[in-house]
Amino acid sequence: MPAPVIVASDLTKKYKDFAAVDGISFEVAPGESFGLLGPNGAGKSTTMRMVGAVSTRTSGDLRILDLDPNDYGPEIRSQLGVVPQADNLDVELKARDNLVVYGRYFGLPRKVVQQRADELMAFAQLEDKVKAKVDDLSGGMKRRLTIARALINDPRILLLDEPTTGLDPQARHILWDRLFRLKEQGTTLVLTTHYMDEAEQLCDRLVVVDKGSIMAEGSPAALIRQYSSREVLEVRFGSDRNEQVAEQLAGIGERVEVLPDRILVYSEDGEAELNHITELGLHPLTSLVRRSSLEDVFLRLTGRSLIE
Amino acid sequence: MSVLERTRRSGPLPQSLRALYAGNARSVMARGLLATKSTNWTVVVSGFFEPVFYLLAMGFGLGELVGSVSTTTGQEVSYGAFIAPALLAVSAMNGAVYDSTWNVFFKMNYTKLYQGMLSTSLGPLDVAFGEIALALLRGAVYATGFLIVMQVLGLNLSWLAILALPAVVLIAFAFASFGMAITSYMKTFQQMDWINFVMLPMFLFSATFYPLSVYPEWIQTVIQALPLWHAVELMRGLTTGAVDAGVLWHVLYFVVMILVGLVFTTKRLRALFLD
Ligand SMILES: Nc1ncnc2c1ncn2[C@@H]1O[C@H](COP(=O)(O)OP(=O)(O)OP(=O)(O)O)[C@@H](O)[C@H]1O
Ligand SMILES: [Mg+2]
């Protein structure tokens, strides 16, 4: 097995007494696509900033490309592409100039940067926005430009902090497609997301993070297998009745989870459980059988929803 | 690959500095020049004309009434020749302070420009040098223009006036470096207003429009501690040709100011963006 490109052990970041990242350990192999999944405030961005060598760890160990970011910040950053959670494009420059200027920050020759900028504008499907002002681009275009910018130094590792938050479904699919291509070319991807479908689509392996700690680790399929049943039955009885009905459902399915707006019944066969419920004389307002997702894994691990 | 190998061979010794400075301030400056294309040109142009208008209005208008004035070294010069170098020093100060305070404050807090720069291989010192160099370039262009005006009006009394150009750059460097350091500690626009509160009296009282000798002794001492007084004296010495060893003190004053400013700026940029 090739040596990992990122090794974090017992990595901790404290702001005053508050541990934003509380002793997490993980490894990322070259070419792997690794995800951090967790709710708001879990410590995803803080972890990404430490991996990106722009934030100093409080304790623990961290090696990026076999270098310690405390001593080799600039060398590490020269090998990384960073897509921060909030776009920080240079609004005083035109779209393509953003790429050229950014490439020059890495000390790359002008000719190389010019050529890559053209390729990347095409890659991001922004050829007709070359001379556009950043402020005139749509949210999805800005995001694509930010990703293109992150690729200007031909990075070995791409760090993506919520790459598709705030985008419409079509824009997300375009982005996913671009990220797939990068992965095929061997770029290591590290990404954070709230969206379990995104994690399932893009990640070979992921960790579920909550309150600065890792709750579980594995491939999306393995996590679902380990922490959830094959299917989930969702029934709604109206917000005021869910709690009360749930008591009568004891013993149905493998596990029952009550959320404010619905009840989840975990089972290998959702339809069968729905029949049981109707046999009990209960008639849900709506019902739905679906496959288990990472959302269910998260709920199981933390007792809370991923998106609150 | 080769980057990493080279890194390891060079060892960790100069690392503390290498983490702060990648030797690529040029790219930050180039970015600034490109961005200037889209800025408001009236601000840039008025920056040049402001001291010229002061010179015409006061040097000739007021100069008629005042006649000649004696410099620190006892030389009698026309009022125009007396205030022209002071106005040059003031415009160097104003330009450098504007670029290094308001401009930097805005980029630091509202556009996240530096955050983006510092996630590349640039270090905080590259950013500081690049931004300051840009301010100096602008200052040098203004100063050249102003010196030409002075020459045309016959206000350069000595060939030493040519040295006023590097002197302006030195002065601007000092104010820019110091201004940037102060700005990096500022959190709100209200705090930024304090900068103007300090600048205006300094402009009026630093022997700009009349010799320092009009003040009582203790006020003179206070003024002599302020940077603008050193700037005015330095410029006046060069354009009137009345120089003595005192020039070296002025130069030293600004060198110290530059170093102190850079140390604090780098420390703060590091704390703010690489915490
Ligand atoms: N500079 C800072 N100073 C103090 N606290 C901070 C700082 N940055 C982050 N935190 C705290 O650390 C915790 C984790 O923040 P972080 O941004 O890493 O979360 P996240 O998982 O990225 O959340 P989100 O999904 O909302 O982006 C939060 O409670 C946040 O308030
Ligand atoms: Mg975040």
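The shell around ligand 1 has seven polar, five nonpolar and two charged residues. Here Ala, Val, Leu, Ile, Met, Phe, Trp, Tyr, Cys and Pro count as nonpolar, Asp, Glu, Lys and Arg as charged, and the others, Gly among them, as polar. This is a predicted model, in which local features need pLDDT of at least 70 and side-chain atom pairs count only at pLDDT 80 or more, while totals for chains, interfaces and linings use all residues. Residues are numbered from 1 along each chain as its sequence is written, chains are lettered from A and ligands numbered from 1 in the order in which they are written, and side-chain values use heavy atoms, with hydrogens and water left out.

**Ligand 1**

- Ligand 1 is surrounded by 14 residues, each with a heavy atom within 4 Å of the ligand.
- The closest are Gly41(A), Lys44(A), Ser45(A), Thr46(A) and Gln85(A).
- α1(A) gives the largest share of this shell, three residues.
- In chain A, β2 (18–28) and α1 (44–51) each supply at least two shell residues; helices (H or I, at least four residues) and strands (E, at least two) are DSSP runs, numbered from the N terminus.
- Lys44(A) places a polar side-chain atom 2.7 Å from an oxygen atom of ligand 1.
- For Gln85(A), the distance from a polar side-chain atom to a ligand 1 oxygen is 2.8 Å.
- An N or O atom in the side chain of Asn40(A) is 2.9 Å from an oxygen atom of ligand 1.
- On its own, ligand 1 has 640 Å² of accessible area, and the protein covers 63% of that (Shrake-Rupley method, 1.4 Å probe).

**Contact between chains A and B**

- Chain B puts 34 residues into the contact and chain A 31 residues, with contact meaning heavy atoms within 4.5 Å.
- About 2,800 Å² is buried between the two chains, and carbon and sulfur atoms give 51% of it; buried area is the accessible area (1.4 Å probe) that two parts lose on being put together, summed over both.
- Between chain B and chain A, 10 residue pairs are in polar contact (both at pLDDT 80 or more). Such a contact is a pair of N or O atoms within 3.5 Å; within protein, one must be able to donate a hydrogen and the other to accept it, and residues adjacent in sequence count only if both atoms are side-chain atoms.
- On the side of chain B that touches chain A, α3(B) gives the most, with six residues.
- That side of chain B has 14 nonpolar, 13 polar and seven charged residues.

**Salt bridges**

- Two salt bridges link chain B and chain A, each a side-chain nitrogen of Lys or Arg within 4 Å of a carboxyl oxygen of Asp or Glu.
- Asp90(A) and Arg31(B) meet in one, at 2.6 Å, N to O.
- Arg31(B) also forms a salt bridge with Glu92(A), at 2.8 Å between the closest N and O atoms.
- Arg31(B) lies in helix α3 of chain B and Glu92(A) in the loop between β5 (80–83) and α3 (95–105) of chain A, so this pair joins two chains.
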